[in-house]
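Please examine the sequence and the model shown below. The briefing is intended to be read alongside them.

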Amino acid sequence: MDEVIRLDNVSLWRRTQEEFSYDLKKTVLSMFEGKYQKSSKRLVIKDLSFSIQKGEKVGIIGANGAGKSTLLKLICGILKPSQGVIRVKGTISPLIELGAGFDADLSVIDNIIMYGVMLGFSEQDIKQRINSILEFAELQEYALAPVKALSSGMVARLGFSIATDVKPDILILDEVLSVGDESFRQKSKIKMDEFWNAHATILVVSHSMEFISQSCDKVLFLKKGSVVFYGSTKDAIHTYISSLSSQVESVEE
Amino acid sequence: MSRQNFNERFMFSHTILNQIYIDGESLKRYLELLKVLVMRNLKVRYRGSFLGVYWSLLNPLMMTVVYTAIFGTTFAEYYDNSTLNYVLAAFTGLVVTNFYSASTSQALASIVGNGSLLNKIKLPLSVFPTSMIAANSFQFLVGTFPLLSIISLLTSHNILNILGLLLITLDLGLVCMGIGFFVSTLYIYFRDLPYFYEIVCFMVWISSPVFYPAAIVPDNIKTILLLNPLTSIIEALRELSLSGSFPSTLTLGKAFLSGFLAMSLGWFFFQSQKDNMMDLV
């Protein structure tokens, strides 16, 4: 069994944006007044170490703000860790907020090419896939229409179709599986099942315990940037739920 | 050369091209990203436009007509009493300053403007300011460059001068890329920069002898004007189009010096701040 993702003592500090003044004027004046402070940073991910083997389906759960999306961004390479090492082996297909790269004024086809290249396809590759993507998203009639003419559901379908048109080694899902109408949901479920059966390594962030217990072998439970539990799905969900009820108890007191 | 040798050599050079990394991406991917961003930029800007990229040529042409009408006779003596000389001098100056203002101002906003994208997909930061310079260069090569080539061919009857024009264009691109990297990085920290930069562009325009001859500038001010990185480029361009001779080594040397200086300073500043940008973008 080989490791495809490995984190060793990874920590991440991020600037707290509220305190930083973007104004040239304010910064210069504060420098003159002698009150200039270096911006403060917050520890967002605290000394994470874990590894994921090839073919594992791992769920990531935790409260809002626990660091789940930040962890995904670190694994994808969007953010760099302040300390520690992240090792990833294989191609990653990140499904984080589908359609973020779309430009509303461009046509659907132009957007497919642009989004595809940004996700890592070669231009030639994505051009060959245009028809199959339009077919899966059921947007053949809208091929030349500007994206601003599409409904939000259509945009999400388009993003999903483009991102899943590959067979990546590692698939990363950030709460994106509930888009579209019933027929599309069925199609995307079939696509997801394909991935699940194809021995791809999958990381899912979700708040639906039902989905996680059905689909994942292991679960990582994060709280305020640290690992609370990493192990079997059942135990992790149990730990998460009991931590929630203890919170409720402390509030009631 | 046997077929096997040929294949080996081709594969070798092909893999070398893919081994060259810019900001963490292979050259091939970087160029594809660049192409896709440039196309987005141009398509969105000129959507539904009739003249499209040719506006970047029409603007200096019309401004030249205005300047000639107003200043042509006053400055005539500095241009050997030839209105044509004044027209060419004004046009070449305008073309350079317009390119500079447009490309660097667009590069300034390019990283911050794509902030939401950068937070969702892994992309090399440097490709954004570069794509702005590239988009403006494309406009230039399609619109203004052919006209300048015709002018220089008419004056000099020498095809080699087109090479000179290409060199000058390359140098202008270098200067603007360097400045573009610098201001795009600065904008992340100082969100007031666009207002300030508008004034900077105006000062660059005013201190480049565009609509007035350099000779009327008093000597003590002249030294300050030398700080303008565009002056040597405009000089080289004028030598080519007005006198019809390939620009002298000295002029070209000065031009490329400012080009390499701007590029190195801008690139190093960008690289030094690169790792801090994701928190603020």
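The points that follow are grouped by topic.

This is a predicted model, in which local features need pLDDT of at least 70 and side-chain atom pairs count only at pLDDT 80 or more, while totals for chains, interfaces and linings use all residues. Residues are numbered from 1 along each chain as its sequence is written, and chains are lettered from A and ligands numbered from 1 in the order in which they are written.

**Chain A as a whole**

- Chain A contains 8 helices and 9 strands; helices (H or I, at least four residues) and strands (E, at least two) are DSSP runs, numbered from the N terminus.
- Along the principal axes, the C-alpha atoms of chain A fill a box of roughly 60 × 55 × 40 Å.
- Of the 253 residues of chain A, 36% count as buried. A residue is buried if 20 or more other C-beta atoms lie within 10 Å of its own, exposed if 12 or fewer, and partly exposed in between, with C-beta atoms placed from the backbone.
- Among the contacts in chain A with a separation of 6 or more, 74% are between residues 24 or more positions apart. Two residues are in contact if their C-beta atoms, placed from the backbone, lie within 7 Å.

**Contact between chains A and B**

- Chain A gives 26 residues to the contact and chain B gives 23 residues.
- On the side of chain A that touches chain B, the elements giving two or more residues are β1 (3-15), α1 (24-32) and α3 (108-119) of chain A.
- The largest share of this side, 6 residues, comes from α3(A).
- By class, the side of chain A that touches chain B has 13 nonpolar, 3 polar and 10 charged residues. Ala, Val, Leu, Ile, Met, Phe, Trp, Tyr, Cys and Pro count as nonpolar, Asp, Glu, Lys and Arg as charged, and the others, Gly among them, as polar.

- All of strand β7 (residues 201-205) of chain A is buried, 5 of the 5 residues, so the strand is largely enclosed by the rest of the structure.
- In a regular strand the side chains alternate between the two faces of the sheet.
- Both faces of β7(A) are covered: Thr201(A), Leu203(A) and Val205(A) are buried on one side, and Ile202(A) and Val204(A) on the other.
- Strand β3 (residues 57-62) of chain A runs parallel to β7(A) and is joined to it by 4 bridges; two strands pair if DSSP finds at least two bridges between them. Val58(A) has Leu203(A) as its bridge partner in β7(A).
- Strand β6 (residues 170-174) of chain A also pairs with β7(A) in the parallel sense, over 5 bridges. The bridge partner of Ile170(A) in β7(A) is Thr201(A).

**The antiparallel sheet of chain A**

- An open sheet of 3 strands has the order β2-β1-β4 (chain A), with antiparallel pairing.
- β2 (41-53) and β4 (83-88) of chain A stand at the edges with a single partner strand each, so one side of each is left without a neighbour in the sheet.
- β1(A) and β4(A) run antiparallel and are joined by 5 bridges. The bridge partner of Ser11(A) in β4(A) is Gln83(A).

**Helix α2 of chain A**

- In helix α2 (residues 68-76) of chain A, 7 of the 9 residues are buried, so the helix is largely enclosed by the rest of the structure.
- The buried residues of α2(A) are Lys68(A), Leu71(A), Leu72(A), Lys73(A), Leu74(A), Ile75(A) and Cys76(A).
- Gly77(A) follows α2(A) and has a positive phi, near 95°.

**Individual loop residues**

- Lys224(A) lies in the loop between β8 (218-223) and β9 (226-232) of chain A. Its phi is near 50°, a positive value in a residue other than glycine. Lys224(A) is partly exposed, with 14 other C-beta atoms within 10 Å.
- Asn81(B) lies in the loop between α3 (55-71) and α4 (83-113) of chain B. The phi of Asn81(B), a residue other than glycine, is positive as well, near 55°. Asn81(B) counts as exposed, with 10 C-beta neighbours inside 10 Å.
- Val210(B) is placed in the loop between α9 (193-207) and α10 (219-225) of chain B. Val210(B) is buried, with 24 other C-beta atoms within 10 Å.
- Not counting residues up to four places away in sequence, Val210(B) touches Ala90(B), Gly93(B), Leu94(B), Thr97(B) and Trp205(B).
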